[in-house]
Structure formats: C-alpha cells, structure tokens
Amino acid sequence: MGVSDETLVRLIKYMAPPTRDYERGLHAHTDKSISTIIFDNQVSGLEIEVKDSQWIKLSIYPSSFVFVVGDTLKAWSNERLKVVNHRVIMNGYKNRLSIATFAIPIEGPIIKTPKELIDEQHPQLYKDFDSKHIDSSERLHAFASLSPPISH
Ligand SMILES: O=C(O)CCC(=O)C(=O)O
Ligand SMILES: [Fe+2]
C-alpha cells in the first residue's frame with residue numbers, strides 16, 4: 001500500500017457564526033482515505049467522538065498537526081488502528097482555516113492485510129479489496145463536496 005497512494009489537499013475556510021451560537025461546520029464522519037493530516041490556523045473547531053458519544057474539541061498547537069486514520073488504513077491494519085468520528089463545530093468570532101492532506105489509494109491495487117497483523121487474537125477481518133470498491137459517493141463527498149460551502 002505504501003507506494004500506491006496519491007495525495008489530495010483540501011483547504012477549507014469555516015466562517016465564524018454570525019451570533020454567539022454554535023454552528024455546524026462539517027458533519028460527523030470518518031475519512032475514506034488511508035490517512036489524513038490536518039493543520040489549522042489555531043482557531044479550534046475540530047472535534048473527535050470518544051466513548052459514550054461525547055465530543056472533545058481539539059486544540060492543535062502551532063507547527064503541529066492531527067493525524068487521522070482513514071477507513072482504508074483501518075481495514076488494512078485489521079482494525080489494529082482505529083478510526084475516529086470527527087466533525088467541525090464553529091463558535092467564537094474567528095474564522096477557521098484548515099488544510100487537510102488525504103493519502104488516497106490509487107485505483108486498482110489490492111489492499112491486503114499483512115499476515116503479521118493476523119493471529120489467533122486478531123483474526124482476519126477483511127478480505128483483500130480493491131480501493132475502487134470503497135463507496136464512491138461517500139468518497140466523492142469526502143473529497144469533492146462543497147458542503148459546507150467554501151467562501152473565498
Ligand atoms: O477542517 C477540519 O478541521 C477537518 C476536515 C476533515 O475532517 C475532512 O475534510 O475530512
Ligand atoms: Fe475528515
């Protein structure tokens with residue numbers, strides 16, 4: 001899987017809500033990518049879901065990033081790596097800018113769990129699969145959606 005990916009970079013500007021209310025920026029989802037790296041302008045908004053449906057707002061330190069495990073990496077790793085549901089909720093009065101860099105498998109190669117990650121305690125959870133079989137509408141949504149709209 002290492003050599004068979006390409007990257008897609010997406011810049012998003014989330015406007016601060018006009019009132020002090022919370023405003024949805026990006027719906028709860030997992031990424032379809034292998035993995036995603038997120039930088040921001042230190043305006044928080046990114047939240048992850050933890051146990052009992054609680055959401056935690058992340059603060060990304062300057063010059064740091066968040067590494068998100070995508071569905072493809074979860075399956076490849078036989079679920080040794082977990083995906084996290086995440087979303088963006090805006091409050092406060094500053095606009096948030098984020099850069100998300102997705103590592104996406106190029107179409108065609110078979111994604112195959114290494115045998116080292118399969119044993120009695122960790123039976124194989126996925127058959128070998130072709131990345132083109134990853135739900136394409138969701139994939140399209142994750143990579144090309146203009147919802148929320150991007151303001152320039
Ligand atoms: O903008 C963010 O902080 C998160 C972006 C994200 O999760 C995504 O584009 O999949
Ligand atoms: Fe995401």
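This is a predicted model: local features need pLDDT of at least 70, side-chain atom pairs count only at pLDDT 80 or more; totals for chains, interfaces and linings use all residues.

User: Okay, so is Asp52 buried or exposed?
Analyst: Asp52 counts as exposed because it has 5 C-beta neighbours inside 10 Å. Asp52 sits in the loop between strand 4 (46-50) and strand 5 (54-57), and its phi is positive, about 60°, although Asp52 is not a glycine.

User: Which other residue has a positive phi, near 65°?
Analyst: That is Glu79, again a residue other than glycine, and it belongs to the loop between helix 1 and strand 7. Glu79 is partly exposed, because 14 other C-beta atoms lie within 10 Å. As background, most residues other than glycine have a negative phi.

User: Switching topic, how many helices and strands are there?
Analyst: The protein chain has 2 helices and 10 strands, and along the sequence they follow the pattern β-β-β-β-β-β-α-β-β-β-β-α. Among contacts with a separation of 6 or more, 76% join residues 24 or more positions apart.

User: What does UniProt say about residues 5-105?
Analyst: An unreviewed UniProt entry annotates them as "domain: Fe2OG dioxygenase". In the model that stretch is 6% helix and 50% strand, with its end C-alpha atoms 4 Å apart.

User: And what surrounds ligand 1?
Analyst: There are 12 residues around ligand 1, and the closest are Ile12, Ile38, Leu46, Ser98 and Ala100. The elements giving two or more residues to that shell are strand 1 (5-14), strand 3 (35-40), strand 7 (86-90) and strand 8 (96-105). By type, the shell divides into 7 nonpolar, 2 polar and 3 charged residues.

User: Which residues touch the most other members of the largest nonpolar core?
Analyst: Those are Ile38, Leu73, Trp76 and Val88, in a core of 16 residues. Strand 6 (66-69), helix 1 (71-76), strand 7 and strand 8 each give two or more residues to this core. Leaving aside its neighbours within four places in sequence, Leu73 is in contact with Ile34, Ser35 and Leu81.

User: Last one, where does Lys127 lie?
Analyst: Lys127 is in the loop between strand 9 (110-111) and strand 10 (129-130), and it is exposed, because 10 other C-beta atoms lie within 10 Å. The C-alpha atoms of Lys127 and Ile110 are separated by 9.9 Å, with the two residues 17 residues apart along the chain.

Terms used:
Residues are numbered from 1 along each chain as its sequence is written. Chains are lettered from A and ligands numbered from 1 in the order in which they are written. A residue is near a molecule or strand if its C-beta atom, placed from the backbone, lies within 6 Å of it. Ala, Val, Leu, Ile, Met, Phe, Trp, Tyr, Cys and Pro count as nonpolar, Asp, Glu, Lys and Arg as charged, and the others, Gly among them, as polar. Two residues are in contact if their C-beta atoms, placed from the backbone, lie within 7 Å. UniProt positions are given in the numbering used here, feature names are shortened, and annotations may be inferred rather than shown by experiment. A nonpolar core is a set of buried Ala, Val, Leu, Ile, Met, Phe, Trp, Tyr and Cys residues joined through C-beta atoms within 7 Å. A residue is buried if 20 or more other C-beta atoms lie within 10 Å of its own, exposed if 12 or fewer, and partly exposed in between; C-beta atoms are placed from the backbone.
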